[in-house]
Amino acid sequence: MEARKGRAVRVGELISAGAEPMVFIGRHNQRTELSPRSVAEFDEKGGLRLLRGSAVVESREEAAVRTAGARLEFVGKALISFDHDEKSTSAFVLEGEARLVNQHRDDSSVRLQRFRGATLVVGEIIPQLVRQLDVGAVKSWLRGYSWPDQRSRDLLREMPGEVRAVQAPPPEHLREVK
């Protein structure tokens, strides 16, 4: 069901978000917020399949979201994206924990904890950790999927701050070296 309008969504119906994010509540009280210009569908069991774009998914019970080559099993709140050109699925955990599973090989998966992420490229053998705790990288990742700035700030509100390096004076023997 679409949360803002109360409109029912049929199984297998393509959902295409316009210029604004869309919010859905699934059968098992899974909350899904699609980013602008994302495409998804719900299967007969009420699970979400992300076909293009990104989404914020939230559930208090164990839930799953699928893409063309991966499955994200999670409890809590997570960001997931699917790049249809690169055929890669990326996930980043905001609350709780998750497991990014290769749909073609159940034995290749990676467990993600809060503020950790990974990307799985179809054709690769195991998921590769590419998203780090870098606030700037997550912000640009969200911006790449057209998330509004205010919504991005709300999602990342509890993330630890950026790393601040203190400028140390150079050692005495290196001061005159160019």
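Guide: Two strands pair if DSSP finds at least two bridges between them. Helices (H or I, at least four residues) and strands (E, at least two) are DSSP runs, numbered from the N terminus. The model is predicted, with local features needing pLDDT of at least 70 and side-chain atom pairs pLDDT 80 or more, while totals for chains, interfaces and linings use all residues. Residues are numbered from 1 along each chain as its sequence is written, and side-chain values use heavy atoms, without hydrogens or water.

Visitor: What pattern does the chain follow along the sequence?

Guide: The chain has two helices and nine strands. Read along the sequence, these elements give the pattern β-β-β-β-β-β-β-β-β-α-α.

Visitor: Which residue in E4 stands opposite Ser16?

Guide: Strand E1 covers residues 15–16 and runs antiparallel to E4, with two bridges joining them. In E4, the residue that stands opposite Ser16 is Val39.

Visitor: What is the bridge partner of Glu41 in E5?

Guide: E4 and E5 also run antiparallel, and four bridges join them. Within E5, Glu41 has as its bridge partner Arg49.

Visitor: Which residue in the hairpin of E4 and E5 takes a positive phi?

Guide: Five residues lie between the strands of this hairpin. A positive phi near 90 degrees is taken there by Gly46.

Visitor: What percentage of the residues in the chain is buried?

Guide: The count runs over the 178 residues of the chain. Of these residues, buried ones make up 42%.

Visitor: Among contacts in the chain between residues at least 6 apart in sequence, what share joins residues at least 24 apart?

Guide: A contact means heavy atoms within 4.5 Å. Contacts between residues at least 6 apart in sequence form the basis of the count. The share of those contacts that joins residues at least 24 apart is 38%.

Visitor: How much of the accessible surface of the chain belongs to carbon and sulfur atoms?

Guide: Accessible areas come from the Shrake-Rupley method with a 1.4 Å probe; for residues, only the protein chains shown count as cover. The accessible surface of the chain comes to about 10,700 Å². The part that belongs to carbon and sulfur atoms is 48%.

Terms used:
Buried means under 20% relative accessible area, exposed over 50%, partly exposed in between (1.4 Å probe, protein chains only).
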